Amino acid sequence: MTELAIGIDGGGTSCRAAVADRNGNIVGRGKSGPANILSDLENSLLNIVESARQALRDAGIATETISSVVSVVGVAGANVTDYGQRIEKALPFAEGRVVTDALIALQGALGDADGIVGAFGTGSVYNARRDGRLNGIGGWGFVVGDQASGARLGRDLLERSLLAHDGVRPASSITDAVMTEYGNDPERIVEFAHSARPTDFARYAPVVFAHAAKGDVVAAGIVTDAATAIGESLEALLWSECPSICLLGGLAGAYEPWLSERYRSRLTKPKGDALQGAVELAVKLLNDPQRGAA
């Protein structure tokens with residue numbers, strides 16, 4: 001009888017896994033490379049499986065046991081066409097479910113309670129649970145979505161630096177710093193932008209917040225626009241009795257003072273992280289009496 005559950009948080013920079021018993025006690029942890037399933041499905045699958053194997057090793061359990069465990073894997077892009085299903089079919093577990101990174105973040109932050117979660121790192125995504133029903137929005141990727149993400153902050157900074165260079169918009173200390181970085185050559189910025197990955201843009205996010213805190217007009221404008229975008233997405237999910245809003249990810253704390261009081265007044269600290277959420281969902285699946293029923 002299957003007695004182990006593995007939760008996996010497949011992130012853009014690394015995969016984290018944890019193996020737990022039927023009662024939810026974590027007995028081993030593992031980590032491997034990134035899981036960008038939309039851009040590199042094959043290597044994402046390898047890293048997902050390797051993180052699980054490492055968790056089993058850490059628990060002192062033979063890695064061959066992987067074929068008899070139950071797992072829940074949370075990854076960005078699981079809701080896009082058939083990517084999630086393709087990963088699911090290729091997993092070596094006795095039973096494996098692939099869900100969005102937003103869902104495991106929601107479960108980790110709120111447990112089984114109702115509320116809204118917004119996650120802000122390299123990308124951004126939102127999820128809500130109301131009366132037990134789930135509703136997720138965003139998470140559409142850097143090119144056409146991920147508003148207020150680190151990648152979008154960096155992209156906006158480069159765009160406004162070019163606008164300042166062309167005299168279309170006012171310059172500031174942050175746009176001057178960007179132009180200096182690229183030798184005051186706008187073509188170098190364009191060249192970088194055309195080959196850059198979301199993580200390359202996202203490295204500018206701390207710089208934007210640092211300058212905004214000092215009153216830099218361009219940086220403050222970028223953050224204000226991003227905070228407005230966050231408010232719009234929260235508003236799309238909010239209901240009058242919503243008990244809490246949790247902001248997650250590396251940029252969560254930086255955004256808090258920029259949000260309107262309407263949202264700040266509902267902010268609560270998350271109970272746990274996305275990996276904890278994946279483990280909880282995996283344990284639920286393990287203990288589901290309907291699992292494996294014909």
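Which residues do ring pairs link into a cluster?

Modeller: They are Phe120, Tyr126, Phe209 and Tyr255. Rings of Phe, Tyr and Trp (its six-membered ring) pair if their centres lie within 6.5 Å, and planes under 30 degrees apart are stacked, over 60 edge-to-face, the rest tilted. Before we dig in, keep in mind that this is a predicted model: local features need pLDDT of at least 70 and side-chain atom pairs count only at 80 or more, while totals for chains, interfaces and linings use all residues. Residues are numbered from 1 along each chain as its sequence is written, and side-chain values use heavy atoms, without hydrogens or water.

Let's zoom in on Tyr255. Tyr255 sits in helix α10, residues 252-255 (helices, H or I, have at least four residues and strands, E, at least two; both are DSSP runs numbered from the N terminus). Tyr255 has a relative accessible area of 0%, so it counts as buried (buried is under 20%, exposed over 50%, partly exposed in between, with a 1.4 Å probe and protein chains only). What does Tyr255 touch, apart from neighbours within four places in sequence? Its contacts (heavy atoms within 4.5 Å) are Phe120, Ala148, Leu153, Phe209, Val223, Ala226, Ala227 and Ile230. Val70 is another story: Tyr255 and Val70 are 185 residues apart in sequence and 37 Å apart from C-alpha to C-alpha.

Four strands make an open sheet in the order β8-β7-β6-β9, with mixed pairing (two strands pair if DSSP finds at least two bridges between them). Its edges are β8 (133-138) and β9 (245-248), each of which pairs on one side only. From one strand to the next, the twist averages 15 degrees. In general, strands of a sheet pair through backbone hydrogen bonds, either parallel or antiparallel. Here β6 (residues 115-120) and β7 (residues 124-130) are antiparallel over six bridges, and Val117 stands opposite Asn127 in β7.

Two helices lie against this sheet. Helix α3 (residues 101-110) packs on it, touching β6, β7, β8 and β9, and its direction makes about 55 degrees with that of β7 (axes are lines fitted to C-alpha atoms, for helices over the stretch in contact, and angles run from 0 to 180 degrees between N-to-C directions). Helix α9 (residues 217-237) lies across β6, β7, β8 and β9 as well, at about 25 degrees to β7. α3 is mostly covered, with nine of its 10 residues buried, including Leu103, Ile104 and Leu106. Just after α3, Gly111 takes a positive phi of about 65 degrees.

Stepping back, the protein chain has 12 helices and nine strands. The C-alpha atoms of the chain fill a box of roughly 70 × 45 × 30 Å along the principal axes. Of its 294 residues, 49% count as buried.
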